[in-house]
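Please walk me through this structure in my viewer. Tell me what to select at each stop and what is there.

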Amino acid sequence: MKKIGVLTGGGDCPGLNAVIRAVVKKSIKYGWEIIGIRNGWKGLIEGDVEPLTDYTVSGILPKGGTIIGTSRTNPFKREEDVQKLTENVRKFGIDGVAAIGGEDTLGVALKLHQIGVPVVGIPKTIDNDLSGTDYTFGFDTAVSIVTEAIDRLHTTAESHHRVIVVEVMGRHAGWIATMAGIAGGADEILIPEEPFEIEEVCSHLTARYDHGKKFSIVVIAEGAQPKKEDLSVAQTGEEGELGHVSGESTLITQTDEKDEFGHVKLGGIGHFLAREIKKRMGVDTRVTVLGHVQRGGSPTAYDRILATRFGVAAVELINENNYGKMVALQGNKIVPVELEEAVSNLKTVDMDLYEIAKIFFGR
Ligand code: F6P
């Protein structure tokens, strides 16, 4: 008989509840006790937990968000928090922690494993940028939402002869922009992996315009950056007003506010680019920032199934006392990988895929 704790950390993501349900139901089959740790690592620091039963998880499979809450708390920010956390693991008699999260939450999981906390990881992020796994759950849902938005924006852009810039999530990796851009037939896709030239973007859009297509859809990931030279040209432009330019990089944001893991709050590049396109091409532009719509609501069938398989596999790792691992999708199999492998490098967009997307830029 084991007692396990489950937590969800970082940004929420469609499919979190499906994982929680799978962890609980599979654990019940083993006859274990399960506690939900509220609000990510914060709950383990503060001892804020609740029992999870068959009854608690009933009906949550299609529900967005997370029934146990989440936060971006980093216990390693404060020495005393790590101590409180490890004491609580002992106090509650937790044999294994299933941590559902992205690079930050699983980075903490790895450090905790290294100091002896029994933990397994489950890969979550709509950004799909965790290594070791082909896909993270939540990504498919985000791509579906963005694709639908692009379809809808096409008809209004065409009617008004406008360039519509669609800003999507993707801090370090442009997976959502690339996949949804291909699926939605975007005319330009800009991603963090490849700094862009504003003039080149305008020349693609102009080629389309000259070819009789008097509207365009530009999809841009929030972490995409213009080339350095481009930024200084834009900065001297009449309209000025760039927003924050973060440190040494050309990351354009509306604020320099950072979270506990040192990540600056993104958003603003879409408006910057739309202003530049308008200025250089003299066309009417609009911006749609999809923001948290991409993370809210019910997961797709694909994400529900992937989340369920991950949850079950994580419980199996705990059953085998196989800690320090993350469950991962490789091909069609769920396999364990070292947490270290998952968090050491981010999985950026496959450039062969991006080259396919580029075939459709221009005319
Ligand atoms: O989960 C990752 C992510 O989706 C990033 O793409 C984005 O920058 C971030 O979450 C924003 O999350 P929040 O507004 O919750 O801080």
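The tour below goes from the domains to their interface, then to the ligand and the salt bridges.

**Stop 1: the two domains.** Keep in mind that this is a predicted model. Color residues 3–137 together with 299–344; this is domain 1 in the domain assignment. The C-alpha centres of the two domains are 33 Å apart.

**Stop 2: the interface.** Now select the residues in contact between the domains. Domain 1 brings 24 residues to the contact and domain 2 brings 19. Together the two domains bury about 1800 Å² between them, and carbon and sulfur atoms account for 53% of that area.

**Stop 3: polar links across the interface.** Show side chains on both sides. Between domain 1 and domain 2 there are 10 residue pairs in polar contact, counting pairs with both residues at pLDDT 80 or more. The interface also has 2 salt bridges. Next, show the helices on the domain 1 side. Two elements, α4 (103–114) and α10 (301–319), each give two or more residues to the side that touches domain 2. The most comes from α4, with 3 residues. Color this side of domain 1 by residue class: 8 residues are nonpolar, 7 are polar and 9 are charged.

**Stop 4: the ligand.** Center the view on the ligand. Around the ligand are R72, I126, D127, M169, G170, R171, E222, H292 and R295. From R72, a polar side-chain atom is 2.8 Å from a ligand oxygen. From E222, the distance between a polar side-chain atom and a ligand oxygen is 2.7 Å. For H292, a polar side-chain atom likewise lies 2.7 Å from an oxygen of the ligand.

**Stop 5: salt bridges.** Zoom out. The structure holds 22 salt bridges. Pick E50 and R38, whose side chains form one at 3.2 Å, N to O. What does this pair tie together? E50 is in strand β3 (residues 49–51) and R38 is in the loop between β2 (33–37) and α2 (41–46), so the bridge joins parts 12 residues apart in sequence. Last, select R78 and E260: their side chains also meet in a salt bridge, 3.2 Å from N to O.

Note on methods
Residues numbered from 1 in each chain as written. Predicted model: local features only at pLDDT ≥ 70, side-chain atom pairs only at ≥ 80, totals over all residues. Heavy atoms only, no water. Domains from an automatic or database assignment. Contact = heavy atoms within 4.5 Å. Buried area = accessible area lost by both parts, 1.4 Å probe. Salt bridge = Lys/Arg side-chain N within 4 Å of Asp/Glu carboxyl O. Polar contact = N/O pair within 3.5 Å; in protein donor to acceptor, adjacent residues only side chain to side chain. Helix = DSSP H or I, 4+ residues; strand = E, 2+ residues; numbered from the N terminus. Nonpolar A, V, L, I, M, F, W, Y, C, P; charged D, E, K, R; others polar. Near = heavy atom within 4 Å.
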